[in-house]
Every structure is written in structure tokens, then in C-alpha cells.
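Biologist: I have the sequence and the coordinates open. Could you take me through them step by step?

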Amino acid sequence: MAIGVRADDAEHTVPGSPGDAGWAGLANTHFFLDPKQELAAVAMSQYLGPDEPNLAVLLRKGVYAALGK
């Protein structure tokens, strides 16, 4: 298992904070933790299909949009 951690000196295309971490698993399971914003999000699915990679991006964008970030 590998966990990705956001670098603070890189450009990103999805919302988040430096040092946040996330993981994506088989069949479209995702989670991320953002200690700076004091939040965690989990999405579980059992889908393997052509639009599968979109769930991770939609999860982050949806969570931060709901928080007004």
C-alpha cells in the first residue's frame, strides 16, 4: 500500500493543503486526510470502469466546495 503526501512546493490540480495525505485502492476506494483543515473523507465503491479515476478528484472537489474552500 502506498500513501501519497502533498508537497508544499508543487502545483496541484485538486484542492488540499500542504502535508495532506491520501490513498486510492482497487475498485474505486479513496480516502484523504487534511490535518491543516481538520478533515478526513472516505469514498467506497465497487466499480471498475472507464470513468473510474474521476471519483478521487470529485471527492476532493466536492468536500472542499461544501466547506467553501
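Predicted model: local features only at pLDDT ≥ 70, side-chain atom pairs only at ≥ 80, totals over all residues.

Biologist: Which pattern does the chain follow along the sequence?

Modeller: The pattern is β-β-β-β-α, which comes to 1 helix and 4 strands. Helices (H or I, at least four residues) and strands (E, at least two) are DSSP runs, numbered from the N terminus. The radius of gyration is 12 Å, close to the 11 Å that the globule rule gives for 69 residues, so the protein chain is as compact as a globular protein of that length. That radius is taken over C-alpha atoms, and the globule rule is 2.2 Å times the number of residues to the power 0.38.

Biologist: And what box do the C-alpha atoms fill?

Modeller: Roughly 30 × 25 × 20 Å, taken along the principal axes.

Biologist: What percentage of the residues is buried?

Modeller: Buried residues make up 28% of the 69 residues. Buried means under 20% relative accessible area, exposed over 50%, and partly exposed in between (1.4 Å probe, protein chains only).

Biologist: Turning to charges, how many salt bridges are there?

Modeller: The count comes to 2, where a salt bridge is a side-chain nitrogen of Lys or Arg within 4 Å of a carboxyl oxygen of Asp or Glu.

Biologist: Which residue forms a salt bridge with R6?

Modeller: The partner of R6 is D20, with the closest N and O atoms 3.1 Å apart. Both R6 and D20 lie in the loop between β1 (4-5) and β2 (21-25), 14 residues apart.

Biologist: Is R6 buried or exposed? And what about D20, buried or exposed?

Modeller: R6 is buried, at 11% relative accessible area. D20 is buried as well, with a relative accessibility of 2%.

Biologist: Which side chain does R60 meet in a salt bridge?

Modeller: R60 meets D20, at 2.8 Å from N to O. R60 lies in helix α1 (residues 54-66) and D20 in the loop between β1 and β2, so the pair ties together parts that are 40 residues apart in sequence. R60 counts as buried, with a relative accessibility of 11%. Salt bridges with shared partners join R6, D20 and R60 into one network.

Biologist: Which residues does G16 touch?

Modeller: Not counting residues up to four places away in sequence, G16 touches R6, D34, R60 and Y64; contact means heavy atoms within 4.5 Å. G16 is in the loop between β1 and β2, and its relative accessibility of 34% makes G16 partly exposed.

Biologist: How far apart are the C-alpha atoms of G16 and E38?

Modeller: They are separated by 11 Å, with the two residues 22 apart along the chain. E38 is in the loop between β3 and β4 and is exposed, with a relative accessible area of 75%. Phi of E38 is near 55 degrees, a positive value in a residue other than glycine.

Biologist: What is the phi of A27?

Modeller: A27 has a positive phi of about 65 degrees, although A27 is not a glycine. A27 sits in the loop between β2 and β3 (29-34), where A27 is buried at 10% relative accessible area.

Biologist: Finally, where is the place of S45, and which residues is S45 in contact with?

Modeller: S45 is in the loop between β4 (39-43) and α1. Leaving aside neighbours within four places in sequence, S45 is in contact with A27, N28, T29 and L55. S45 is buried, with a relative accessible area of 19%.

Methods:
Residues numbered from 1 in each chain as written. Heavy atoms only, no water.
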